[in-house]
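The points are grouped by topic and may be read alongside the sequence and the structure.

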Amino acid sequence: MKRFLQLALVVFLLTGFSGQGTVRMSFFKVSEEGGDLVISWQTEEELDVREYELQRMTRFTNGQFVKVEALAPHGPDKAYLFTDEQIFKSSSERVDYRLEVIYTDGVRQQLAREQVNYTSTAIRRTWGSIKAMFQ
């Protein structure tokens, strides 16, 4: 009986008492919609999540990711959406987004990263105006 309790304790410690939560992603994507960048993701599993932190890196952040938004968990199988309206509106630009999870015990884990090339709407509007003048 004592051996059984020791074995049960070991199994419990290895499977359910690690102290760190779990996140299993369905998808993570960055798309351009109406001149803004929309970041979306969905999870299949969320366990002990305190918050998600969305970060961005551009040429203006000196190679460092900066926090864009913190989002509270709302459960698996529901999409998370964030529209980045603060992206620096310059000419063609590479933008990197990274998603991290912060668990209830304070442990951070990178979940996803995606890079996009972005052309601001101001540049497109200007080019469109120039083309229209010569048609």
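**Structural briefing**

Asn62 is placed in the loop between S3 and S4. The model that contains this residue is predicted. Asn62 has a phi near 55°, which is a positive value in a residue other than glycine. The residue is classed as exposed because its relative accessible area, 69%, lies over the 50% cut-off.

**Overall composition**

- The protein has two helices and seven strands.
- Along the sequence, these elements follow the pattern α-β-β-β-β-β-β-β-α.
- Of the 135 residues in the protein, 36% are buried.
- The accessible surface of the protein amounts to about 8800 Å², and carbon and sulfur atoms account for 53% of that surface.
- When contacts between residues at least 6 apart in sequence are considered, 60% of them join residues at least 24 apart.

**Sheet and strand pairing**

- Four strands form an open sheet in the order S4-S3-S6-S7, and their pairing is antiparallel.
- S4 and S7 are the edge strands of this sheet, each pairing on one side only.
- From one strand to the next, the twist averages 20°.
- The antiparallel pairing of S6 with S7 extends over 10 bridges.
- Ile102 has Arg108, in S7, as its bridge partner.
- S2 and S5 also run antiparallel, and five bridges join them.
- Leu81 in S5 stands opposite Ser40.

**Side chains along S5**

- The side chains of S5 alternate between two faces.
- Tyr80, Phe82 and Asp84 point to one face and are buried.

**Nonpolar core**

- The largest nonpolar core holds 23 residues, and Phe28, Ile39, Trp41, Tyr52 and Tyr97 touch the most other members.
- Two or more residues of this core come from each of strand S1 (22–33), strand S2 (36–47), strand S3 (49–57), strand S4 (66–71), strand S5 (80–84), strand S6 (93–103) and strand S7 (108–118).

- Asp77 lies in the loop between S4 and S5.
- The phi of Asp77 is near 65°, again a positive value in a residue other than glycine.
- Asp77 has a relative accessible area of 55%, and it is therefore exposed under the cut-off of over 50%.

- Gly21 is found in the loop between helix H1 (2–15) and S1.
- Gly21 counts as buried because its relative accessibility of 9% falls under the 20% cut-off.
- Apart from neighbours within four places in sequence, the contacts of Gly21 are with Leu47, Asp48 and Tyr103.
- Gly21 and Arg50 are 29 residues apart along the chain, and their C-alpha atoms are separated by 9.4 Å.

How values were computed: Residues are numbered from 1 along each chain as its sequence is written. This is a predicted model: local features need pLDDT of at least 70, side-chain atom pairs count only at pLDDT 80 or more; totals for chains, interfaces and linings use all residues. Side-chain values use heavy atoms; hydrogens and water are left out. A nonpolar core is a set of buried Ala, Val, Leu, Ile, Met, Phe, Trp, Tyr and Cys residues joined through side-chain atoms within 4.5 Å. Buried means under 20% relative accessible area, exposed over 50%, partly exposed in between (1.4 Å probe, protein chains only). Two strands pair if DSSP finds at least two bridges between them. Axes are lines fitted to C-alpha atoms, for helices over the stretch in contact, and angles run from 0 to 180 degrees between N-to-C directions. Contact means heavy atoms within 4.5 Å. Accessible areas come from the Shrake-Rupley method with a 1.4 Å probe; for residues, only the protein chains shown count as cover.
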